[in-house]
Amino acid sequence: MDSQGRAVPSCAGLEIESGPVMRLLVLGGTSEASALAQALADRPDLQATLSLAGRTAAPVRPVIDHRIGGFGGVEGLCAWLTREGADAVIDATHPFAARISANAVAACNRLRLPLLTFGRPAWAPVAGDHWIDVDDVPAAVRALGPVSRRVFVTTGRLELDAFAAAPQHHYVARMIDPPATPPALPDCTIVYARGPFALADELKLLDTHRIDIVVSKNAGGDATYAKIAAARARGLPVVMVRRPAAAPGTQAATVAEVLRWIDDHRPGAGTPRGV
Ligand code: NAP
């Protein structure tokens with residue numbers, strides 16, 4: 001089969017009829033998107049482009065075609081999808097990346113393209129957890145209280161400045177890349193690391209820095225869950241930032257489910273287009 005889906009000779013010299021190549025946009029920036037890209041790389045009947053926002057200086061090297069940087073809002077995303085002849089969009093962005101997900105819904109509605117959201121279920125507390133649920137990072141900062149504490153912050157470098165509202169605490173902030181400007185925090189240690197993280201390492205970090213409380217987004221998934229298990233093991237509270245509302249539409253939680261959805265939404269497969 002060639003890229004236009006035309007029949008090509010097989011090794012035995014026989015013609016094999018095949019359908020057109022399906023063109024997919026995968027909105028990424030997560031370990032789920034990387035796992036999906038790995039599965040799509042083995043599918044010559046699919047032409048997928050992985051899109052990254054460009055927040056991370058040295059992202060994990062994509063194994064499929066990729067592009068980096070914003071599209072320019074809904075208009076830019078529509079223009080890209082039209083230009084590239086996309087047949088479907090898979091939103092595998094982080095559950096807290098609400099703007100790009102809303103843009104994907106708007107663009108796919110406008111172009112009547114099928115859209116699937118691929119993501120991890122939220123974490124739920126288990127016996128022994130002591131979570132303080134809050135709606136956003138500023139609320140997490142307020143939840144730390146007036147008395148000085150040693151705080152492990154895992155909400156990412158882009159929202160670190162919010163903690164300047166509570167300068168009485170000692171912060172240990174973990175991130176992948178250095179912040180653009182030094183954090184406006186009088187007492188902050190930065191730890192550079194990229195997940196996945198192991199329980200033994202998280203326990204060591206909590207002990208070494210004598211952490212009193214952990215701040216986390218409810219990201220879900222396995223790669224960053226060890227800090228939650230470590231906090232439980234040490235009897236520490238976790239200020240847990242709730243997820244923003246999920247984008248409307250069809251959801252998948254595993255690569256296998258995504259692959260089934262792709263097959264159901266091939267052009268000509270008889271599935272109605274649109275979200
Ligand atoms: P966001 O607030 O939803 O998006 C802001 C803007 O960034 C979007 O309007 C879009 O720009 C651009 N953008 C975001 N994701 C993109 C993608 N995959 N490809 C191309 N452009 C993208 O997103 P965010 O919270 O800043 O997250 C940015 C990226 O980091 C996402 O890919 C997400 O998966 C990843 N990430 C986020 C978090 C988090 O906690 N938010 C954590 C881990 C990873 P235009 O409007 O110009 O298209």
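Author: Just after helix H6, Gly 235 takes a positive phi of about 70 degrees; helices here are DSSP runs of H or I with at least four residues, strands are runs of E with at least two, and both are numbered from the N terminus. The model is a predicted one, in which local features need pLDDT of at least 70 and side-chain atom pairs count only at pLDDT 80 or more, while totals for chains, interfaces and linings use all residues. Residues are numbered from 1 along each chain as its sequence is written, and side-chain values use heavy atoms, with hydrogens and water left out.

Helix H6 itself spans residues 226-233 and is largely enclosed by the rest of the structure, because six of its eight residues are buried, where buried means under 20% relative accessible area, exposed over 50%, and partly exposed in between, with a 1.4 Å probe and protein chains only. The buried residues of H6 are Ala 226, Lys 227, Ile 228, Ala 229, Ala 230 and Ala 231. Their cover includes strands S8 (131-134), S9 (150-153), S10 (170-175), S12 (213-217) and S13 (238-241), together with helix H5 (199-208).

In the loop between strand S11 (188-192) and H5 lies Gly 195, which counts as partly exposed at 31% relative accessibility. From C-alpha to C-alpha, Gly 195 is 21 Å from Leu 236, and the two are 41 residues apart in sequence.

Contacts (heavy atoms within 4.5 Å) between residues at least 6 apart in sequence join residues at least 24 apart in 63% of cases. The C-alpha atoms fill a box of roughly 75 × 40 × 35 Å, taken along the principal axes.

A separate feature is the second largest pocket, with a volume of about 350 Å³. A pocket is an open set of points, on a 1 Å grid over the protein atoms alone, where a 1.4 Å probe fits and protein lies on both sides within 12 Å along at least five of seven lines; lining residues have an atom within 4 Å of a point. The volume is the space filled by probe spheres set on the points, which are joined across faces, edges and corners. Of the 23 residues that line this second largest pocket, Pro 95, Thr 117, Ala 246, Ala 247 and Gln 251 are the closest to its centre. Helix H3 (98-111), strand S7 (115-118) and strand S14 (250-252) each give two or more residues to the lining, and H3 supplies the largest share, four residues.
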